[in-house]
Amino acid sequence: MIVVVMGVSGSGKSTIGRQLADRLGCGFSDADQFHSPANIEKMKHGHALNDDDRKPWLAAIRDAIVARRAAGQHHVFACSALRERYREVLGDHDGDVVFVYLKGGAEVIGERLASRTGHFFDPVLLQSQFETLEEPRDALVIDIRESPEHIVATLLHKLSACPGGAGIAAAAGISPSP
């Protein structure tokens with residue numbers, strides 16, 4: 001199973017994604033590593049990406065997802081995936097790619113971004129992320145106000161109930177949900 005942890009910048013995608021991958025004993029990839037240097041510079045200077053900027057980025061992430069699936073590996077990706085059409089590029093219709101939406105309000109996320117250091121994302125862009133966000137219809141929705149540990153534990157149980165979730169449950173050492 002491939003898990004894509006999604007949401008606006010500052011929602012906790014990397015933190016939750018890494019912890020989830022650790023619990024599953026599988027790999028983790030942050031979508032930021034797939035951005036071109038030009039995209040990073042653009043965001044560093046407070047300019048939102050457009051769909052043309054995102055197209056090669058999404059294709060690179062999709063290629064990585066396809067490679068993990070072909071190898072039969074569980075893998076966790078952290079990716080904003082803000083629009084439905086972006087999720088269509090990354091996902092599939094057989095349930096092997098599961099989206100997890102880390103949902104939180106602008107106030108909570110704004111506070112997180114204000115205290116974050118060492119990241120290229122300019123917090124000024126948060127509003128544009130919320131404007132771009134199309135909340136997913138077919139994702140597992142997680143409230144970000146809980147602790148990362150609680151979020152990951154909740155997520156593991158939700159994932160174990162998904163089609164193909166028995167492998168996730170076994171990897172995490174939990175009993176599958178009925």
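Predicted model: local features only at pLDDT ≥ 70, side-chain atom pairs only at ≥ 80, totals over all residues.
User: Thanks! How many residues does helix α1 have?
Analyst: Helix α1 has 12 residues, 13-24. From first C-alpha to last it reaches 16 Å, close to the 16 Å expected at 1.5 Å a residue (1.5 Å times one less than the number of residues). Helices here are DSSP runs of H or I with at least four residues, and strands are runs of E with at least two, numbered from the N terminus.

User: Which residues of α1 are buried?
Analyst: Lys13, Ile16, Gly17, Leu20, Ala21 and Leu24. Buried means under 20% relative accessible area, exposed over 50%, partly exposed in between (1.4 Å probe, protein chains only).

User: And where do they sit around the axis?
Analyst: They are on the same side of α1, because they cover an arc of only 130°, taken from the directions from the helix axis to the C-beta atoms.

User: Switching to β1: why is it largely enclosed?
Analyst: Five of its five residues (2-6) are buried, so the rest of the structure largely encloses β1. Ile2, Val4 and Met6 lie on one side, Val3 and Val5 on the other.

User: Which residue stands opposite Val4 in β3?
Analyst: That's Phe77. Four bridges join β1 to β3 (residues 75-78), running parallel; strands pair if DSSP finds at least two bridges between them.

Methods
Residues numbered from 1 in each chain as written. Heavy atoms only, no water.
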